Amino acid sequence: MEENKEKELKETTVTDICVFMNEIAPVEYAESWDNPGLLLGHLGQHVHKIMVALDLSVEVAEQAIQQECDIIITHHPYYFNLPKTLAVTDTKMEVLYELIKHDIALYAAHTNLDAAKGGVNDVLAARLGLEDVTEIPRKDCPEQGLARIGVLDAPMDLKDFAEKVKEDLGADHLTYAGGEEPVYKVAVVGGSGADFMEDALAAGADTLVTGDLKYHVAQKALDLGLNVVDGTHQLTESPVVNKLAAVLNAWCEESGRHFEVVRAEEARILQTV
(Lines give C-alpha, C1' and ligand atoms only; values in the text may rest on other atoms or scores of the structure.)
Protein backbone atom coordinates (compact mmCIF):
# COMPACT_ATOMS: atom_id res chain seq x y z
CA MET A 1 0.00 0.00 0.00
CA GLU A 2 2.81 2.40 0.92
CA GLU A 3 4.63 1.55 -2.32
CA ASN A 4 1.55 2.40 -4.42
CA LYS A 5 1.15 5.68 -2.53
CA GLU A 6 4.80 6.49 -3.20
CA LYS A 7 4.36 5.84 -6.93
CA GLU A 8 1.40 8.21 -7.07
CA LEU A 9 3.46 11.15 -5.80
CA LYS A 10 4.46 13.69 -8.45
CA GLU A 11 8.07 14.19 -9.35
CA THR A 12 9.24 17.79 -9.10
CA THR A 13 11.78 19.45 -11.39
CA VAL A 14 13.74 22.67 -11.16
CA THR A 15 11.28 24.09 -13.69
CA ASP A 16 8.40 23.29 -11.32
CA ILE A 17 10.23 25.11 -8.51
CA CYS A 18 10.81 28.15 -10.74
CA VAL A 19 7.14 28.27 -11.77
CA PHE A 20 5.93 27.97 -8.18
CA MET A 21 8.38 30.56 -6.85
CA ASN A 22 7.30 32.97 -9.57
CA GLU A 23 3.69 32.47 -8.50
CA ILE A 24 4.38 33.45 -4.88
CA ALA A 25 7.02 36.10 -5.69
CA PRO A 26 6.73 37.23 -9.33
CA VAL A 27 10.07 38.41 -10.71
CA GLU A 28 8.39 41.48 -12.20
CA TYR A 29 7.91 42.75 -8.64
CA ALA A 30 11.70 43.06 -8.26
CA GLU A 31 13.59 46.32 -8.33
CA SER A 32 15.30 47.06 -11.67
CA TRP A 33 18.81 46.52 -10.27
CA ASP A 34 17.98 43.15 -8.75
CA ASN A 35 18.75 39.64 -10.04
CA PRO A 36 16.06 37.19 -8.90
CA GLY A 37 15.23 33.82 -10.43
CA LEU A 38 17.21 30.72 -11.35
CA LEU A 39 20.92 31.53 -11.10
CA LEU A 40 22.34 28.04 -11.61
CA GLY A 41 21.08 24.61 -12.63
CA HIS A 42 19.33 22.44 -15.22
CA LEU A 43 15.61 23.08 -15.66
CA GLY A 44 14.81 19.41 -16.06
CA GLN A 45 16.70 18.24 -12.99
CA HIS A 46 14.58 16.32 -10.47
CA VAL A 47 14.24 17.84 -7.01
CA HIS A 48 13.91 15.65 -3.92
CA LYS A 49 15.38 17.97 -1.31
CA ILE A 50 15.30 21.77 -1.11
CA MET A 51 17.42 23.89 1.19
CA VAL A 52 16.19 27.39 2.07
CA ALA A 53 18.52 30.09 3.37
CA LEU A 54 18.91 33.83 3.62
CA ASP A 55 22.28 33.73 1.86
CA LEU A 56 24.47 31.29 -0.03
CA SER A 57 27.63 31.11 2.07
CA VAL A 58 30.40 28.54 2.19
CA GLU A 59 28.71 27.00 5.23
CA VAL A 60 25.31 26.81 3.52
CA ALA A 61 26.85 25.23 0.41
CA GLU A 62 28.60 22.63 2.59
CA GLN A 63 25.33 21.80 4.35
CA ALA A 64 23.53 21.43 1.02
CA ILE A 65 26.23 19.08 -0.27
CA GLN A 66 26.31 17.01 2.92
CA GLN A 67 22.52 16.70 3.00
CA GLU A 68 22.36 15.88 -0.73
CA CYS A 69 20.07 18.76 -1.64
CA ASP A 70 19.07 19.34 -5.25
CA ILE A 71 18.40 23.07 -5.07
CA ILE A 72 19.10 25.96 -2.71
CA ILE A 73 16.58 28.79 -2.53
CA THR A 74 18.01 31.97 -1.02
CA HIS A 75 16.67 35.44 -0.42
CA HIS A 76 19.78 37.31 -1.52
CA PRO A 77 21.07 36.62 -5.05
CA TYR A 78 24.55 35.12 -5.03
CA TYR A 79 25.59 37.61 -7.68
CA PHE A 80 23.91 40.64 -9.21
CA ASN A 81 26.02 40.76 -12.37
CA LEU A 82 27.48 37.86 -14.30
CA PRO A 83 31.22 37.46 -13.69
CA LYS A 84 33.55 38.14 -16.62
CA THR A 85 35.32 34.84 -16.09
CA LEU A 86 34.35 31.43 -14.73
CA ALA A 87 37.87 30.76 -13.53
CA VAL A 88 38.13 29.87 -9.85
CA THR A 89 39.89 32.97 -8.63
CA ASP A 90 38.11 33.43 -5.32
CA THR A 91 35.98 31.68 -2.72
CA LYS A 92 32.77 32.92 -4.33
CA MET A 93 33.52 31.11 -7.59
CA GLU A 94 34.74 28.05 -5.69
CA VAL A 95 31.30 27.75 -4.10
CA LEU A 96 29.62 27.82 -7.52
CA TYR A 97 31.97 25.10 -8.79
CA GLU A 98 31.12 22.91 -5.82
CA LEU A 99 27.40 23.34 -6.48
CA ILE A 100 27.90 22.45 -10.14
CA LYS A 101 29.94 19.35 -9.26
CA HIS A 102 27.15 18.15 -6.97
CA ASP A 103 24.28 19.04 -9.34
CA ILE A 104 22.80 21.60 -6.95
CA ALA A 105 20.68 24.33 -8.53
CA LEU A 106 20.41 27.84 -7.10
CA TYR A 107 17.37 30.13 -7.04
CA ALA A 108 16.96 33.58 -5.48
CA ALA A 109 13.84 35.55 -4.56
CA HIS A 110 14.96 38.99 -3.40
CA THR A 111 13.12 42.30 -3.74
CA ASN A 112 10.29 40.42 -5.44
CA LEU A 113 9.88 38.43 -2.21
CA ASP A 114 10.14 41.68 -0.23
CA ALA A 115 7.16 43.00 -2.18
CA ALA A 116 5.12 39.81 -2.53
CA LYS A 117 1.99 39.24 -0.49
CA GLY A 118 3.04 37.11 2.48
CA GLY A 119 6.67 37.94 1.77
CA VAL A 120 9.46 39.60 3.73
CA ASN A 121 7.65 42.77 4.72
CA ASP A 122 4.30 41.19 5.53
CA VAL A 123 6.13 38.66 7.73
CA LEU A 124 8.11 41.46 9.40
CA ALA A 125 4.96 43.53 10.02
CA ALA A 126 3.29 40.50 11.60
CA ARG A 127 6.36 39.77 13.75
CA LEU A 128 6.18 43.31 15.13
CA GLY A 129 2.47 42.99 15.87
CA LEU A 130 1.30 45.66 13.43
CA GLU A 131 -2.40 45.84 12.62
CA ASP A 132 -4.31 47.11 9.56
CA VAL A 133 -1.22 46.50 7.42
CA THR A 134 -1.28 47.87 3.87
CA GLU A 135 1.22 48.30 1.06
CA ILE A 136 3.00 51.57 0.40
CA PRO A 137 2.78 52.22 -3.36
CA ARG A 138 5.95 52.58 -5.42
CA LYS A 139 6.31 54.34 -8.75
CA ASP A 140 8.42 51.71 -10.51
CA CYS A 141 5.95 48.90 -9.76
CA PRO A 142 2.48 50.38 -9.20
CA GLU A 143 0.80 46.96 -9.22
CA GLN A 144 2.63 45.80 -6.08
CA GLY A 145 4.10 47.92 -3.30
CA LEU A 146 7.22 46.80 -1.47
CA ALA A 147 7.17 48.56 1.91
CA ARG A 148 4.34 47.97 4.39
CA ILE A 149 2.67 50.25 6.91
CA GLY A 150 0.47 49.43 9.87
CA VAL A 151 -0.43 50.58 13.35
CA LEU A 152 0.24 49.45 16.90
CA ASP A 153 -2.65 48.66 19.19
CA ALA A 154 -1.66 51.76 21.16
CA PRO A 155 0.97 54.53 20.87
CA MET A 156 4.36 53.87 22.51
CA ASP A 157 7.42 55.89 23.44
CA LEU A 158 10.21 55.38 20.91
CA LYS A 159 12.54 53.79 23.44
CA ASP A 160 9.87 51.29 24.51
CA PHE A 161 9.11 50.50 20.87
CA ALA A 162 12.81 49.95 20.14
CA GLU A 163 12.90 47.48 23.05
CA LYS A 164 9.88 45.73 21.57
CA VAL A 165 11.57 45.43 18.16
CA LYS A 166 14.68 44.07 19.85
CA GLU A 167 12.65 41.41 21.63
CA ASP A 168 10.44 40.55 18.64
CA LEU A 169 13.45 40.03 16.35
CA GLY A 170 15.62 38.33 18.97
CA ALA A 171 18.34 40.96 18.63
CA ASP A 172 21.21 41.30 21.08
CA HIS A 173 21.11 45.03 20.55
CA LEU A 174 19.82 47.56 18.06
CA THR A 175 20.03 51.27 17.35
CA TYR A 176 17.35 53.88 16.87
CA ALA A 177 16.97 57.60 16.34
CA GLY A 178 14.10 60.01 16.76
CA GLY A 179 12.59 62.77 18.73
CA GLU A 180 9.58 63.21 20.98
CA GLU A 181 7.15 61.81 18.40
CA PRO A 182 5.36 58.75 19.83
CA VAL A 183 5.32 55.56 17.78
CA TYR A 184 1.97 54.48 16.38
CA LYS A 185 1.95 54.28 12.58
CA VAL A 186 4.94 52.15 11.56
CA ALA A 187 6.43 51.44 8.14
CA VAL A 188 8.65 48.39 7.66
CA VAL A 189 11.20 47.48 5.01
CA GLY A 190 13.25 44.35 5.63
CA GLY A 191 16.94 44.59 4.80
CA SER A 192 18.32 47.94 3.70
CA GLY A 193 15.36 50.28 3.35
CA ALA A 194 16.61 53.79 4.00
CA ASP A 195 15.57 54.78 0.47
CA PHE A 196 11.95 54.38 1.53
CA MET A 197 11.99 57.13 4.17
CA GLU A 198 10.16 59.67 2.02
CA ASP A 199 7.61 57.06 0.92
CA ALA A 200 7.01 56.13 4.56
CA LEU A 201 6.44 59.76 5.49
CA ALA A 202 4.12 60.32 2.53
CA ALA A 203 2.08 57.33 3.71
CA GLY A 204 1.71 58.91 7.14
CA ALA A 205 4.27 56.87 9.08
CA ASP A 206 5.86 58.32 12.20
CA THR A 207 8.41 55.49 12.40
CA LEU A 208 10.38 53.29 9.98
CA VAL A 209 11.83 49.90 10.93
CA THR A 210 14.55 48.66 8.59
CA GLY A 211 18.26 47.77 8.61
CA ASP A 212 21.67 49.15 7.63
CA LEU A 213 20.98 52.65 8.94
CA LYS A 214 24.09 54.82 8.82
CA TYR A 215 24.83 57.97 10.75
CA HIS A 216 23.95 60.46 8.01
CA VAL A 217 20.82 58.52 7.10
CA ALA A 218 19.67 58.69 10.72
CA GLN A 219 20.46 62.39 10.72
CA LYS A 220 18.32 62.85 7.62
CA ALA A 221 15.47 60.97 9.30
CA LEU A 222 15.68 63.34 12.27
CA ASP A 223 15.55 66.32 9.91
CA LEU A 224 12.47 64.83 8.26
CA GLY A 225 10.80 64.23 11.62
CA LEU A 226 10.77 60.45 11.18
CA ASN A 227 11.69 57.94 13.90
CA VAL A 228 13.94 55.14 12.64
CA VAL A 229 14.76 51.79 14.23
CA ASP A 230 17.56 49.62 12.85
CA GLY A 231 16.58 45.99 13.42
CA THR A 232 19.65 44.93 11.36
CA HIS A 233 19.59 43.72 7.79
CA GLN A 234 19.75 40.05 8.72
CA LEU A 235 17.17 39.96 11.50
CA THR A 236 14.53 41.96 9.62
CA GLU A 237 14.71 39.46 6.75
CA SER A 238 15.43 36.12 8.44
CA PRO A 239 11.82 35.43 9.56
CA VAL A 240 10.71 35.01 5.95
CA VAL A 241 12.98 31.99 5.45
CA ASN A 242 10.96 29.86 7.86
CA LYS A 243 7.77 31.14 6.21
CA LEU A 244 9.13 30.13 2.79
CA ALA A 245 9.92 26.64 4.09
CA ALA A 246 6.35 26.33 5.38
CA VAL A 247 4.89 27.52 2.06
CA LEU A 248 6.99 25.01 0.10
CA ASN A 249 5.96 22.20 2.45
CA ALA A 250 2.29 23.13 2.05
CA TRP A 251 2.63 23.13 -1.75
CA CYS A 252 4.36 19.75 -1.61
CA GLU A 253 1.51 18.22 0.39
CA GLU A 254 -1.36 19.91 -1.43
CA SER A 255 -0.06 19.06 -4.91
CA GLY A 256 0.92 15.49 -4.05
CA ARG A 257 4.60 16.00 -4.67
CA HIS A 258 7.63 14.24 -3.29
CA PHE A 259 10.34 16.47 -1.85
CA GLU A 260 11.77 17.51 1.50
CA VAL A 261 12.49 21.06 2.67
CA VAL A 262 15.36 21.79 5.06
CA ARG A 263 16.34 25.08 6.68
CA ALA A 264 20.02 25.94 6.50
CA GLU A 265 21.78 26.78 9.75
CA GLU A 266 23.08 30.33 9.42
CA ALA A 267 25.16 32.19 11.96
CA ARG A 268 24.56 35.84 12.71
CA ILE A 269 26.79 38.01 10.59
CA LEU A 270 27.12 40.79 13.17
CA GLN A 271 28.09 39.77 16.70
CA THR A 272 28.06 41.81 19.89
CA VAL A 273 30.31 41.76 22.94
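Predicted model: local features only at pLDDT ≥ 70, side-chain atom pairs only at ≥ 80, totals over all residues.
**Strand pairing and helix packing**

Me: What makes β5 and strand β6 (residues 148-156) a pair?
Reply: The two are joined in the antiparallel sense over three bridges, and two strands pair if DSSP finds at least two bridges between them, so β5 and β6 qualify.

Residues are numbered from 1 along each chain as its sequence is written, and side-chain values use heavy atoms, without hydrogens and water.

Me: Why are β5 (131-135) and β7 (175-177) called edge strands?
Reply: The open sheet of six strands runs β5-β6-β8-β9-β10-β7, with mixed pairing. Both β5 and β7 pair on one side only.

Me: Why is α2 called oblique to α11?
Reply: Helix α2 (residues 14-24) and helix α11 (residues 239-254) pack at about 120°, with axes 12 Å apart. Angles under 35 degrees are roughly parallel, over 145 roughly antiparallel, 65 to 115 roughly perpendicular and the rest oblique, so α2 is oblique to α11.

Me: Which residues make the contact of α2 with α11?
Reply: From α2 come D16, I17, F20, M21 and I24, and from α11 L244, V247, L248 and W251, where contact means heavy atoms within 4.5 Å. By class, eight are nonpolar, none polar and one charged; Asp counts as charged, whereas Ile, Phe, Met, Leu, Val and Trp are among those counted as nonpolar.

Technical notes:
Helix = DSSP H or I, 4+ residues; strand = E, 2+ residues; numbered from the N terminus. Axes fitted to C-alpha atoms, helices over the stretch in contact; angles between N-to-C directions.
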